[in-house]
Amino acid sequence: MTQPKRIVVVGGVAGGMSCAARARRLDETAEIIVLERGPHVSFANCGLPYYIGGEITDPAKLLVQTPASLRAALNLDVRPQHAVTGVDSSRRVVFVEGPSGPLELSYDALVLSPGAVAIRPPITGLDSPRVQTVRTVDDALTVAQLATAGSPAVVLGAGFIGLEVAEALATRGLAVTVVELAEHVLPPLEREMAQPVEAELARLGIEVRTGVAAVGIEDPSPVESVETQPSSPVETFETPSPPAIVRLADGSTLPADLIVLSVGVRPDTDFLIGSGVALDRAAIVVDEHGRTSVGGIWAVGDAVASTHAVTGANRPVALAGPANRAGRLVADDIVRPGSARPIPRPVGTAIVRVGDLAVAVTGANSAELTRAGRAFTTLHLHPNQHAGYFPGAQQLRLLLHVAPDDGRLLGAQAVGADGVDKRIDVLATAIRAGLCVGDLIDLDLAYSPPYGQAKDAVNLAGMVGSNVLDGTLRLWYAADLDQVLAEALVLDVRSAAEVATGTLPGALTIPHTELRGRLAEVAAAADGRPVRVFCASGVRSAIAHRVLTQAGFDSASLSGGMLTLRAHLGATADDVLVTPVTV
Ligand code: FAD
């Protein structure tokens, strides 16, 4: 009889526990040991901000499984408080620091899913106990205890987790400021998609400081570190005054009783140095089955370098879905070598709630496409999430990047109060399937008035995209505004009431319904210049563009209309736009 295989898993949360559970379902005989450095396994890291904000009230709910439940259900040997400190791949052993001291553990198959740790940028004073990260259940308990209503808090980093935590703290009554080095919040978003998010943060009472770095923290009276137990009730924690001071690179300062560091993560792989496992900028190098450079060792999750499905860029993708699915496929490769499906390249689909908005991305953004040397055409749409005549209709902001040659879908972003998740998930599926923008027209999507439109937002994106690709529609962009104002006649085809809310300087204003009868006016005003037309969202200007083109004008329609233009201009919109005296 052959010896049962021993599978050792490092890291007992998303990727590691998915792998261990799947391995057991495939192989009842294997000995499966999960080594977890922290006190908890299978905890809901994605739920931590919602505990801080009070939507999840019982911290025990964050502990999805326990070693005892995993033993009972799956016969897993789960060992919390066991940190792996090194790997000797020649002897197939891991070195472990456990509650009763160091030990060596042999393995037949070793799976690494150690995740990531918070990046600590070069900011002086980061060691203050007021500075917290939100990575673990205990982190969330500590932040919740330090969060005193009415006191000032600073969140460093306006990424997905930073904004979730900022909103959570604001919900608890703290005066929150978010500091972000990039030009806008949620840096993966295009600028025009981030602007409504910043407006929503302002509505929530959260101050946003973008385009500036934090450089130092001065803490006159450090607070005592907080001991937490997930089962213990959250107690109010009195923070002593005066608050710490966060210094920004522009010379300004922010008071803070609590500072949350959320500027990104890096693979937690220091324990692999010297193990022979190949690393690339700290990320574990793996093949399409999650196999590392060393035989018998696999790796998944935030700690590995993944190849992006659209750009081919090789870097860690810190998302729960890819980690969970890769863990499952690695178990297949260990237990059923030769027949396991390869791990799909991540598309990078993510979503976050900010106040009343949902914000979601999939595929690549313009910066990633530019870095990868990929040409792209961008579409902006503002369709309703469901039938306009049905109560509660709201506009979505939808952005697509498509390849100009074959129309392949490269990336999409959506912001709105309702229906965002549905559209991004359809578009993520389309990217995974390699669909072109014209294929979106043909998707049969669920429709009745409360849920969608007979021409769903995704179908409409397909129609706009295929019109652009075949030349039926020609677009101009908010980013080209200066050149357009200098070289073209700008034609505003909105109603007089809309024009009165602000138009572009020098614009000729003719409602689109009157355009056919007033083409001579357009020709006289253009005087040989191209005509660049716009409306509120891009629908009426597309109609006007077709009228103008067929009348012989050099015409183009503003992608996304005034809604996108205003979002692109942001705070400068009021300086650029003019209000005509008479229309
Ligand atoms: P993890 O799940 O982080 O697990 C790694 C584990 O390994 C850790 O528990 C760690 O203690 C342990 N470990 C590390 N080194 C060792 C060692 N040497 N020995 C033993 N154990 C070790 N993703 C989404 O897709 N959607 C979300 O909404 C979302 N929200 C998030 C919110 C927060 C606050 C956080 C922190 C993350 C969020 N994520 C979200 C990201 C998601 O949780 C991660 O991408 C995912 O958990 C990665 O899985 P992993 O197995 O690689 O690492």
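**A strand and its partners**

Tutor: In this predicted model, strand β14 is joined by 4 bridges to strand β15 (residues 253-256), and the two run antiparallel. Within this pairing, Val 246 stands opposite Leu 254 in β15. The hairpin of β14 and β15 has 4 residues between the strands, and Gly 251 takes a positive phi near 95° there. Strand β13 (residues 214-218) is also antiparallel to β14, again with 4 bridges. Here Gly 216 has Arg 247 of β14 as its bridge partner.

The faces of β14 (residues 244-248) can be told apart by cover: Ala 244, Val 246 and Leu 248 make up the covered face, whereas Ile 245 and Arg 247 lie on the uncovered one. In a regular strand, side chains alternate between the two faces of the sheet.

Now the ligand. It is surrounded by 29 residues, the closest being Gly 15, Glu 36, Ser 113, Asp 302 and Ala 320. By class, the shell holds 16 nonpolar, 8 polar and 5 charged residues. A nitrogen atom of the ligand lies 3.0 Å from a backbone N or O atom of Arg 37. Of the 990 Å² of accessible area that the ligand has on its own, the protein covers 89%. Elements giving two or more residues to the shell are α1 (14-26), β4 (83-88) and α7 (320-335); α1 gives the most, with 3 residues.

Key: Residues are numbered from 1 along each chain as its sequence is written. This is a predicted model: local features need pLDDT of at least 70, side-chain atom pairs count only at pLDDT 80 or more; totals for chains, interfaces and linings use all residues. Side-chain values use heavy atoms; hydrogens and water are left out. A residue is near a molecule or strand if one of its heavy atoms lies within 4 Å of it. A polar contact is a pair of N or O atoms within 3.5 Å; within protein, one must be able to donate a hydrogen and the other to accept it, and residues adjacent in sequence count only if both atoms are side-chain atoms. Accessible areas come from the Shrake-Rupley method with a 1.4 Å probe; for residues, only the protein chains shown count as cover. Ala, Val, Leu, Ile, Met, Phe, Trp, Tyr, Cys and Pro count as nonpolar, Asp, Glu, Lys and Arg as charged, and the others, Gly among them, as polar. Buried means under 20% relative accessible area, exposed over 50%, partly exposed in between (1.4 Å probe, protein chains only). Two strands pair if DSSP finds at least two bridges between them.
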